[in-house]
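Let's take a walk through this chain together. Please keep the sequence and the 3D view at hand as you read.

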Amino acid sequence: MVAIRISSFEDVRMAREWVSSLAEAAEIHDPGAAVLTTGELGNNCVEHGAECPSLLWVTCRHGHLSLRFENHCEERPDWQTRKPVVVEDLRAGGYGLQIARALARSVNCRWAEGRAIVHAEFE
């Protein structure tokens, strides 16, 4: 298991590099999907997290990779973050969870003890 502290977009870039290496080593089906998910959910941690850093826990074994993002969150999220409409019915962002759900085998979102937790699994 690897723990990565995320407090900036530079940390997200570093986390993507770590996940890329671990996904390749685990020989999951689509390492790029795990890297893209790391970027999307890592950016969410930076954008929506509180003042304190978020954590990304990465666990891998042959054929399996697990990403668990945790960030401080005073109130239960609605998991439906929407950014403003830029052009008729098109938003500038707010698709991180949708992208993760499309790419991962499973995505679980929960709120516990003042922390938002998003867990994505890849094979």
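Predicted model: local features only at pLDDT ≥ 70, side-chain atom pairs only at ≥ 80, totals over all residues.

Residues are numbered from 1 along each chain as its sequence is written, and side-chain values use heavy atoms, with hydrogens and water left out.

The chain has three helices and seven strands; these are DSSP runs numbered from the N terminus, with helices being H or I of at least four residues and strands being E of at least two. Read from the N terminus on, the elements follow the order β-α-α-β-β-β-β-α-β-β. Of the 123 residues in the chain, 36% are buried, where buried means under 20% relative accessible area, exposed over 50%, and partly exposed in between (1.4 Å probe, protein chains only). Among contacts with a separation of 6 or more, 62% are between residues 24 or more positions apart; a contact here means heavy atoms within 4.5 Å.

Five strands form an open sheet in the order 1-2-3-7-6, with antiparallel pairing, and two strands count as paired if DSSP finds at least two bridges between them. Strand 1 and strand 6 (106-112) are the edge strands, each pairing on one side only. From one strand to the next, the twist averages 15°; the axes behind such angles are lines fitted to C-alpha atoms, for helices over the stretch in contact, and angles run from 0 to 180 degrees between N-to-C directions.

You can follow the pairing across the sheet. Strand 1 is joined to strand 2 by five bridges, and Ala3 has Trp57 in strand 2 as its bridge partner. Seven bridges then link strand 2 to strand 3, with Leu55 partnered by Glu70 in strand 3. Strand 2 and strand 3 make a hairpin with two residues between them, and Gly63 in the turn has a positive phi of about 80°. Strand 3 goes on to pair with strand 7 (residues 115-122) over eight bridges in the antiparallel sense, and Ser66 stands opposite Glu121 in strand 7. Helix 2 packs on the sheet, touching strand 1, strand 2, strand 3 and strand 7, and its direction makes about 5° with that of strand 3. Helix 3 (residues 96-103) also packs on the sheet, touching strand 6 and strand 7, with its direction at about 135° to that of strand 6.

What about helix 1? The buried residues of helix 1 are Asp11, Val12, Ala15, Val19, Leu22, Ala23 and Ala26. Viewed down the axis of helix 1, these buried residues fall within an arc of 105°, so they line one face of the helix; the arc is that of the directions from the helix axis to the C-beta atoms. They pack against strand 1 (2-6), helix 2 (31-48), strand 2 (54-61) and strand 3 (64-72). The face turned away from the buried side carries the exposed residues Glu17, Glu24 and Ala25. Just after helix 1, Glu27 takes a positive phi of about 55°.

Finally, look at Leu65, which lies in strand 3. Leu65 is buried, with a relative accessible area of 0%. Beyond its neighbours within four places in sequence, the contacts of Leu65 include Val19, Leu22, Ala34, Val58 and Phe122. The C-alpha atoms of Leu65 and Val19 are separated by 8.9 Å, although these residues are 46 residues apart along the chain.
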